Amino acid sequence: VEVTPLSEGMTLGHFGVFASEHSLTTSFNNDAVRGEFAVTFRAKASGELSRMLQVSGRITKAEAYSALEGRQSVALRFNGAEGPVVSGVGFELYQNRPNPWVGRTQIGFHLPEATEATLTVFDESGRIVWTQRGQFAKGYNAFNVDRSLLEVPGVLYYRVETPTDSAVRKMIQTK
């Protein structure tokens, strides 16, 4: 319904609202002031906001920077009857870039904790055409896919799995 900048110097021009994606982005640069803002929502369903809203790096990286402390994480604070709940970025699988692709593409994902992850690529019939596994750090990671490893043009699906999470996206490899 409304975004309200709370920090000195912060304006509505520091925000991007993507209604079709149900997303809000912000970028604010001021070493003297912490970037704080309030968001007013209209509920379309009942439930706990801390379970319905999340920080995401899908559109822009979910990072904050401090001149003294360097890169910092971003989180939402929900003040409930049982005390505050802090929610940060969880597991996320991003769209490969570029897409469509010819020679090489990168499949990015975010891990809330360091763990093993497996990338599996499928063709349209569900046949596995390529798999790669590795150990990854907490935060942003990526699999690099080269055409020489995956010579199956057309619509493909990729899944990234960890011991606790899994997500699937679609990509297109052209000739």
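**Figure 1. Salt bridge between Arg 127 and Asp 123.** Arg 127 is partly exposed, its relative accessible area being 48%. The model shown in this and the following views is predicted. The side chain of Arg 127 meets that of Asp 123 in a salt bridge, with an N to O distance of 3.1 Å. Asp 123 has a relative accessible area of 12% and is therefore classed as buried, since the limit for that class is under 20%.

**Figure 2. Salt bridge between Glu 116 and Arg 133.** The side chains of these two residues, Glu 116 and Arg 133, form a salt bridge at 3.9 Å, N to O. Because Glu 116 belongs to strand S11 (residues 115-122) and Arg 133 to strand S12 (residues 128-136), the pair ties together parts that lie 17 residues apart in sequence. Glu 116 is partly exposed at 33% relative accessibility, whereas Arg 133, at 55%, counts as exposed.

**Figure 3. Salt bridge between Glu 161 and Arg 159.** In this pair, the closest N and O atoms of Glu 161 and Arg 159 are 3.2 Å apart. Glu 161 is partly exposed, with a relative accessibility of 30%. Arg 159 is also partly exposed, at 23%. The count of salt bridges in the model comes to 3.

**Figure 4. The open sheet formed by S9, S10 and S13.** The sheet comprises 3 strands in the order S9-S10-S13, with antiparallel pairing. Strands S9 and S13 are the edge strands, each pairing on one side only. Strands of a sheet pair through backbone hydrogen bonds, in either a parallel or an antiparallel sense.

**Figure 5. Pairing of strand S10 with strand S9.** Strand S9 spans residues 92-93 and pairs with S10 in the antiparallel sense over 2 bridges. Glu 92 has His 110 in S10 as its bridge partner.

**Figure 6. Pairing of strand S10 with strand S13.** Strand S13 covers residues 139-146, and its antiparallel pairing with S10 extends over 8 bridges. Gly 108 has Ala 142 in S13 as its bridge partner, and Ile 107 stands opposite Phe 143 of S13.

**Figure 7. Burial of strand S10.** Strand S10 consists of residues 104-111, of which 6 of the 8 are buried, so the strand is largely enclosed by the rest of the structure. In the order S9-S10-S13, this strand is listed between S9 and S13.

Notes:
Residues numbered from 1 in each chain as written. Predicted model: local features only at pLDDT ≥ 70, side-chain atom pairs only at ≥ 80, totals over all residues. Heavy atoms only, no water. Buried < 20%, exposed > 50% of the residue type's maximum accessible area, 1.4 Å probe, protein only. Helix = DSSP H or I, 4+ residues; strand = E, 2+ residues; numbered from the N terminus. Pairing = 2+ DSSP bridges. Salt bridge = Lys/Arg side-chain N within 4 Å of Asp/Glu carboxyl O.
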